[in-house]
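Subject: Structure for your review

Dear colleague,

I am passing on the structure we discussed, and my notes on what was found in it follow below. Please read them with the coordinates open beside you.

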Amino acid sequence: MASRTVQLEIKRQASPDAPAVWEKFELEWRPGMNVISAMMEIAANPVTAEGRETTPISYDSNCLEEICGSCAMRINGKARMACSALIDNLEQPIRIEPLSKFPLVRDLQVDRSVLFKNLMAVKAWVPVDGTYDLGSGPRVFPQQQEVSYPLSNCISCTCCMEVCPQFNEETGFVGAATIAQVKLFNNHPTGKVLKEERLRALAGDGGIQECGFAQNCVEVCPKQIPLTNAISDVGRDVLVQKVKDFLRG
Amino acid sequence: MAGPRIIVVGGGLAGLAAVIKIAEAGGNVDLFSIVPVKRSHSVCAQGGINAAKNLKGEGDTTAQHFDDTIYGGDFLANQTPVKAMCEMAPAIIDLLDRMGVPFNRTPEGLLDFRRFGGTLYHRTAFAGATTGQQLLYALDEQARRYESEGKVRKYEGWEFLSAILDEKGVARGITAMDLRSMELRAFPADAIILATGGIGAIFGKSTNSVACTGSAQSALYQQGAYYANGEFIQVHPTCIPGEDKLRLMSESARGEGGRVWVPRTAGDKRPVKQIPESERFYFLEEWYPKYGNLVPRDVATRAIHKVVYEHGLGIDGQPMVYLDVTHIDHETLNRKLEGILEIYEKFVGDDPREVPMKIFPGMHYTMGGLWVDFNLMTSIPGIFAAGECEYQHHGANRLGANSLVSCMFDGFNAGPNAMRYAKSAAATEGDGGAAAELQRQTEINKKLLSSSGTENPFKLWRELGHTMTEHATVIRYNQGLKQADEKIVELLDRYKNVNLSDKSQWANTSFAFTRQLYNMLELSRTVVQGAILRDESRGAHYKPDFPDRNDEKFLKTTKASFTGAPEGPRFEFEDVDTQYIKPRPRRYDAAK
């Protein structure tokens, strides 16, 4: 009896300028497999379904627990983390492609550093006086912690940006992840001293008004972050800030 | 005048803590990391961070934290740095709180604390069950703030290859490889801090992240740095076995009341929820009535092994036991443990709120590491080590929630210490040896690229992982350890015949991995041979043939140095600093 197998089709591209090709793989099925363990299998035996020798797949990964945010890719057309994409839950052949909205590096690796640049632009940090012992932090009630904690769970996977119709070179939209971080830091007792600067950073081109309310972001977020709520809250604050700035001249 | 230039390798908690301290003190930092720093392995720490803040009216003190840590580590840790760490811990929590870490709160708005293994106090501050993630992000944000001011330059996607040493053996910089362009480059520095984490990959599957290969530590060890207590490897009692890795199920599940059990009858076929209380064997609670499910990790791990392999009571005859939180109300579970319960749900498919989790021990933490003095400097002048890659704080067994505090403590000390060193170091003569070291690294790459053998590096790695897990984890026998060493020697030999199926010079991840693999092989011999020499049982190191701790012979730090000879490392032993707490027998079946 033939053993059960897993069929994969992976989009390969040796470099940003090289042509893209699809390669097929057929692996022996094992319980509990996920897309990363399948690619580890390919690395140990880099041969296509047709029996042709090839190279191991290049992809980003690190924690394999869906907390580091590294292994985002398109699996059967859906942007998601590869480590938590269990083979048994996927229709075969499983089609795997890199995220499409970011500069390609190789195979499934893309360059998502734009998110870190955006976080810098909105000053996504609490401006503490220094790291010396200055006593305890501000009092935070559990009700408030329960609002900030989910926002602080963002793993920077960029899935929300990948699926956003407005996230493209034309608009220069910062994307939902960055806006949610603005809400997080604007609500922090100390972080809010930079509130106005953050709102102004989101007021111009590529800012929050680019959002078209497609709501794809909140659906795809692997951490179920209330992204659309964050966008409406921050959007309102940006508007108020604009009015204030206008009246101040 | 420009401040000193310091290189920090590794952007996890310890590395970022050092970066922030250096930038704050006016130094310039070049930060090297294989992955974008926000994706470092520190994100995986779940349960919390220890500090004796005594906010629960239990009379907890830093002295008690110090004693628990030394006792939990079976007296192998040098006491001076551990004492300093425990004393600094409350201020570290305050600082993290000020940086905006969303710690769980009490109704009054104060920090909440939970219990963890190896202590009877509520000493662990936590942010849900993703504390490491939250801490790392807070530091990442502060580092980004300094980056925006031009004080920190990040080299993300660059891998450390070696130190640049001058004629006197003093470090003058590093060589690193761009993992995209594969370019090799020398970077000068006045001081260097290594904060490169644990060595989980040596065991094949572990709870560690993919980047935790120990390659950097090994490279430095091969350049002459001492590697200390390599044989001390923590196997975490509660992991979810997986195809690609062992996923951690945090000790906080037990800290919040989770119970470990197996059916009393082998092969009990009833659905788990139908097994009545009286027919469940809560073996940790029976064997260790005082600490119960919160015995230290080495004790819990051995107990699970015993119940599975000696009593034959693994679930369905498999090497698995139940970790049960179904008796805890859903609201509490979601508020305090949601992060880890989601991991179980996502990767196993069952809801742990309804069905007990099935877990088994897995390799988790590296207590040993680069030898450092009390200023965190390695035996190579100018190179410091911080966090899991050094050996200093956890002795023979680390207590849960002490790793995050040791990372913070180390980074906060290594940073200023490196600055002090850099300011007083003699100027570099010539290029400090940079050209020669770059040449040596170029040769290694050339040789690897021209290799036309038949051995697949990923298969060699799997073989290493199997042998290390079989012989050098929970239970160790000298015969098995010797077999493991022979196997490593065989793998080193086969490595010469390695086949790089990908020889391209662009984002070649298997090329980078193959370089790491060599370093993993060399370093694994310090683990195995260190274990052979230590004929006693202490903390995580357990030999049934030598079941007792032997302070007379082995209350010593193991120091391995690289020889390049076929026999492997050379070993020497150093006395442990026990000036504050006199070693006493370690037992958890009664109050200590």
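In chain A, residues A:Leu115, A:Asn118 and A:Leu119 of helix H2(A) meet A:Ala177, A:Thr178 and A:Gln181 of helix H5(A), where two residues are in contact if their C-beta atoms, placed from the backbone, lie within 7 Å, and where helices (H or I, at least four residues) and strands (E, at least two) are DSSP runs numbered from the N terminus. The residues of this contact divide into 3 nonpolar, 3 polar and no charged, with Ala, Val, Leu, Ile, Met, Phe, Trp, Tyr, Cys and Pro counted as nonpolar, Asp, Glu, Lys and Arg as charged, and the others, Gly among them, as polar.

Before going further, please note that this is a predicted model, in which local features need pLDDT of at least 70 and side-chain atom pairs count only at pLDDT 80 or more, while totals for chains, interfaces and linings use all residues. Residues are numbered from 1 along each chain as its sequence is written, and chains are lettered from A and ligands numbered from 1 in the order in which they are written.

The axes of H2(A) and H5(A), the latter spanning residues 176-187, come within 10 Å and cross at roughly 30°; axes here are lines fitted to C-alpha atoms, for helices over the stretch in contact, and angles run from 0 to 180 degrees between N-to-C directions. H2(A) and H5(A) are therefore roughly parallel to each other (angles under 35 degrees count as roughly parallel, over 145 as roughly antiparallel, 65 to 115 as roughly perpendicular and the rest as oblique).

Turning to the interface, 57 residues of chain A are in contact with 57 residues of chain B. On the side of chain A that touches chain B, helix H1 (35-44), strand E6 (104-106), helix H2 (113-121) and helix H3 (142-152) each supply at least two residues, and by class that side has 25 nonpolar, 25 polar and 7 charged residues.

In chain B, 4 strands form an open antiparallel sheet in the order E18-E11-E20-E21, two strands being paired if DSSP finds at least two bridges between them. The edge strands, each pairing on one side only, are E18 (369-370) and E21 (570-575). Strand E11(B) (residues 227-228) is joined to E18(B) by 2 bridges, and B:Tyr227 stands opposite B:Leu370. Helix H14(B) (residues 509-533) lies across E11, E20 and E21 of chain B, running at about 140° to E20(B).

With kind regards
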